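Visitor: Please present the model for discussion, and let us then consider it question by question.

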Amino acid sequence: MTKDRIAMLDSLRGLAVLGILLCNIPLAAVPEAVGTSLTHWPHGQQPASVAVWLVTQVFFQQKFYSLFAMLFGASMLLVGGEGGDGSRTRILVLRLVSLLAIGLAHGFLIWQGDVLHTYALVGLLAMWARPWPARRLLAAGIGLHLILSGWTVFNILRQAAKGGGGPPAAAMAKFTAENHAKTIEYAGGFTQSFVQNAKDYADFVVGSFSHWPPTWPLLVLSLMLIGMGLYKLGVLSGKASIGVYRALVAVGLGALAVVGFAEAFYATLPDHPRAMGALARWMQSATAPVVSLGYVGLMVLAARAKVWKAIPAALAPVGQMAFTNYLTQSILMTAIFYGGRGPGLFGKVDRPALAGIVVAIWALQILWSRWWMARFTMGPLEWLWRLAYRGPMPLRREPAKVPATA
């Protein structure tokens, strides 16, 4: 039973880490302020580019961040237990503190889109909720998520009541100039791209926790609590009844249809009104956990079906070394786009080509993960990370013993 449980969690982690890449790559290819924008995208609005944007917004954006945060909550229970074991709690604290250091190094030295530091800091708070029963964890997580969603839509409506128009021309000119300047820095030499990356990451870290309310950390907290609750109920491990997963799929597809309609409606309006775009993004964020759980339902149902079980089986090795794959994605993205590290394509690649790069990396990581995990017990960076909180552990798998023949 343990192997089945771990296999399902690994499949879900693999799905999440691959799905996140399609959301991250525009943020590494152009200035982050315009990476998810339809109207400010530097390469215009060609039909193929809009189509990739729409698919990303409807099926990927927010969904896989949400899934990964919920799985992170479940992992705190796997590592630290429910709080009654002091030695396991100590290991969990060391794990989160070392993750914070790795995240900060990742953000400052490689890519400014790092979220590991947020997971580590929020995890140090969420870990104290481990002893809570599942229903309390779900009530707290869902309640916090609803409060954040309500606060966001309140501000959207308040802005719309004031007129809801775009920013003044002077502000837009400043915005455009800032992004142009960042493009020059990221596309410049190694030192230029390195310094600009560090500046943007510092702004992100400080802004995440100094802005009131700190929406992003609180959102991660809500998802971790939900993930812990769902793990205790057996939902994330694939132990719930088939009816539960069918219900998750049905509700998730319904939420997906609502978001798809809103995003498509916004994309087809000739002037792409700012208020409609903000409302579509709010619906996307508010429903993301529901859609994510719909994906969980699909994954579990696929694992139980002869025709589709190869999909979670192929994703499981990717999830077993999700930490390695996540950091490798950052290295590959910055090597491709940042100046002084490779071809220096920052600001030069439209969304369809970005999607092609993503598919190539997906194939590479699926094959690489399968090869690696057949020979080793964990990913290479997982092994180095565990040195910080568990000490030395065997990396290479012992060869299977062949039974002697008579």
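Guide: Buried means under 20% relative accessible area, exposed over 50%, and partly exposed in between, with a 1.4 Å probe and protein chains only. This is a predicted model, in which local features need pLDDT of at least 70 and side-chain atom pairs count only at pLDDT 80 or more, while totals for chains, interfaces and linings use all residues. Residues are numbered from 1 along each chain as its sequence is written, and side-chain values use heavy atoms, with hydrogens and water left out.

Visitor: Is Glu 82 buried, exposed or partly exposed?
Guide: Glu 82 lies in the loop between H4 and helix H5 (86–109); helices (H or I, at least four residues) and strands (E, at least two) are DSSP runs, numbered from the N terminus. Its relative accessibility is 48%, so Glu 82 counts as partly exposed.

Visitor: Which residue forms a salt bridge with Glu 82?
Guide: A salt bridge is a side-chain nitrogen of Lys or Arg within 4 Å of a carboxyl oxygen of Asp or Glu. Here the closest N and O atoms are 3.4 Å apart. The pair links distant parts of the chain, 150 residues apart, with one partner in helix H10. That partner of Glu 82 is Lys 232.

Visitor: What separates Arg 13 and Asp 10 in helix H1?
Guide: Arg 13 and Asp 10 form a salt bridge, with the closest N and O atoms 2.9 Å apart. Arg 13 is buried because its relative accessibility is 15%, and Asp 10 is buried at 7%. Being three residues apart in helix H1, the two are separated by about one helical turn.

Visitor: How many residues apart in sequence are the parts that Asp 200 and Lys 182 tie together?
Guide: The side chains of Asp 200 and Lys 182 meet in a salt bridge of 3.2 Å, N to O. Asp 200 counts as buried at 12% relative accessibility, whereas Lys 182 counts as partly exposed at 29%. Asp 200 lies in helix H9 and Lys 182 in helix H8 (residues 169–186), so the parts tied together are 18 residues apart in sequence.

Visitor: Which residues have the most contacts inside the largest nonpolar core?
Guide: A nonpolar core is a set of buried Ala, Val, Leu, Ile, Met, Phe, Trp, Tyr and Cys residues joined through side-chain atoms within 4.5 Å. The largest one has 88 residues. Helix H1 (residues 2–29) gives the most to this core, with 14 residues. The residues with the most contacts inside it are Met 76 and Phe 337.

Visitor: Why does the pair of Phe 60 and Trp 362 count as stacked?
Guide: Rings of Phe, Tyr and Trp (its six-membered ring) pair if their centres lie within 6.5 Å; planes under 30 degrees apart count as stacked, over 60 as edge-to-face and the rest as tilted. By this rule the count comes to 19 aromatic pairs. The centres of the Phe 60 and Trp 362 rings are 6.3 Å apart, and the pair is stacked because the angle between the planes is 20°.

Visitor: Which residues form one aromatic cluster with Phe 60 and Trp 362?
Guide: Phe 60 lies in helix H3 (residues 47–60) and Trp 362 in helix H15 (residues 351–373), so their pair ties together parts that are 302 residues apart in sequence. Phe 60 is buried at 16% relative accessible area, whereas Trp 362 is partly exposed at 22%. The cluster also holds Phe 64 and Tyr 295.

Visitor: Where is Tyr 326 placed?
Guide: Tyr 326 counts as buried because its relative accessibility is 9%. Leaving aside neighbours within four places in sequence, the residues in contact with Tyr 326 include Val 17, His 106 and Leu 116, where contact means heavy atoms within 4.5 Å. The place of Tyr 326 is helix H14 (residues 322–337).

Visitor: What is omega for the cis peptide bond at Pro 213?
Guide: Pro 213 is found in the loop between helix H9 (190–210) and helix H10 (215–232). The cis peptide bond joins Trp 212 and Pro 213, and omega is about -5°.

Visitor: What is phi of His 272?
Guide: His 272 is found in the loop between helix H11 (242–268) and H12. At 12% relative accessibility, His 272 counts as buried. Although His 272 is not a glycine, its phi is positive, at about 45°.
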